[in-house]
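Notebook open, structure on screen.

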Amino acid sequence: MAKNTVATLLDMKARGEKISQVTCYDYSTAQLVQASGIETILVGDSLGMTMQGYSNTLPVTMDEMIVYGRSVVRGAPDAFVIMDMPFMSYQLSAEQGLMNAGRLIKETNANAVKLEGGAAVTEQIRAIVDAGIPVCAHIGMTPQSVNAFGGFKVQGKGEENARRVLEDALAVQKAGAFMCVLECVPPKLAALITSKVHMITIGIGGGAGCDGQVLVYQDMFGMFGDFVPKFAKRFADIGQAMIDGFKAYDQEVKAGTFPEEKHSFPKSDCSDEFLAKLAEEY
Ligand code: KIV
């Protein structure tokens, strides 16, 4: 498979081909994503919830993002890997955003960064893009603002809010974003935004009218029950398959049927005589 790039992804949009994106946080899962042919991986700060057990994404740090991101890039060299900028790594200023975006790219070898917010973060987007780092924006329901929203709620409801979300999309595009996540944006509005922009729109709870879709993989596979959003679809029951596998292992360990001889290294054992002598000595 050839490496996915900004150009190949924009070509897909131009041809009307849908773009797939999933979250991923580790090497072995990244290898599986790459084998599936999915074009883009988001190392989302959702890892704060799915991998670290926090109730929201706010505690995630730059150093943590870098550890997860490096592992993903090593596992999926052909995917286009986007690193989420964690809460308070870009909100202070364009300089702070540029410095941390640079760190994410330098220290993970990923291909782009994502940051949340519309018109409010255009200076940051412009500075990062000017430094040669592709930016994916994220508007609508932006989880880092969960406290301001009073929960993970649909955004863009009502005429005034719909206009604001469209204006956010146009603002981040003008600032240089090549891609934009539309999270929990009502479907007709998301389709309208998609028709008005040349950047790629990626929906999550934004309906089928976006250029592509992203999901958190634990939501797709029944692997995370703390919070299951309405937009998540179960594509396989890996969570239950893992519980069944853990149970079967536990039973075999307790019954003594695992490990069998083939799971150890009997040829490397010393003679029975020597082992008997060893047992006597100690
Ligand atoms: O952090 C994340 O996984 C995200 C997606 C839900 C878009 O931002």
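**Cysteines**

I started with Cys180: its sulfur is 6.5 Å from the closest cysteine sulfur, that of Cys136, so the pair is too far apart for a bond. My rule for a disulfide is a pair of cysteine sulfur atoms within 2.5 Å, and by this rule I count zero disulfides. Cys210 is in no disulfide either, with the nearest cysteine sulfur, in Cys180, 9.3 Å away.

I then looked up burial, where buried means under 20% relative accessible area (1.4 Å probe, protein chains only). Cys180 counts as buried at 0% relative accessibility, and Cys210 is buried at 1%.

A note on the source: this is a predicted model, where local features need pLDDT of at least 70, side-chain atom pairs count only at pLDDT 80 or more, and totals for chains, interfaces and linings use all residues. Residues are numbered from 1 along each chain as its sequence is written, and side-chain values use heavy atoms, with hydrogens and water left out.

**Ligand site**

Next I listed what surrounds the ligand (a heavy atom within 4 Å): Thr23, Leu42, Gly44, Asp45, Ser46, Asp84, Lys114, His138, Val181, Ile204 and Val214. By class, I get four nonpolar, four polar and three charged residues in this shell.

For polar contacts I took N or O pairs within 3.5 Å. A side-chain N or O atom of Ser46 is 2.5 Å from a ligand oxygen. Lys114 has a polar side-chain atom 3.0 Å from a ligand oxygen, and for Asp84 I read 3.1 Å. Taken alone the ligand exposes 250 Å², and the protein buries 95% of that (Shrake-Rupley method, 1.4 Å probe).

Technical notes: A polar contact is a pair of N or O atoms within 3.5 Å; within protein, one must be able to donate a hydrogen and the other to accept it, and residues adjacent in sequence count only if both atoms are side-chain atoms. Ala, Val, Leu, Ile, Met, Phe, Trp, Tyr, Cys and Pro count as nonpolar, Asp, Glu, Lys and Arg as charged, and the others, Gly among them, as polar. Buried means under 20% relative accessible area, exposed over 50%, partly exposed in between (1.4 Å probe, protein chains only).
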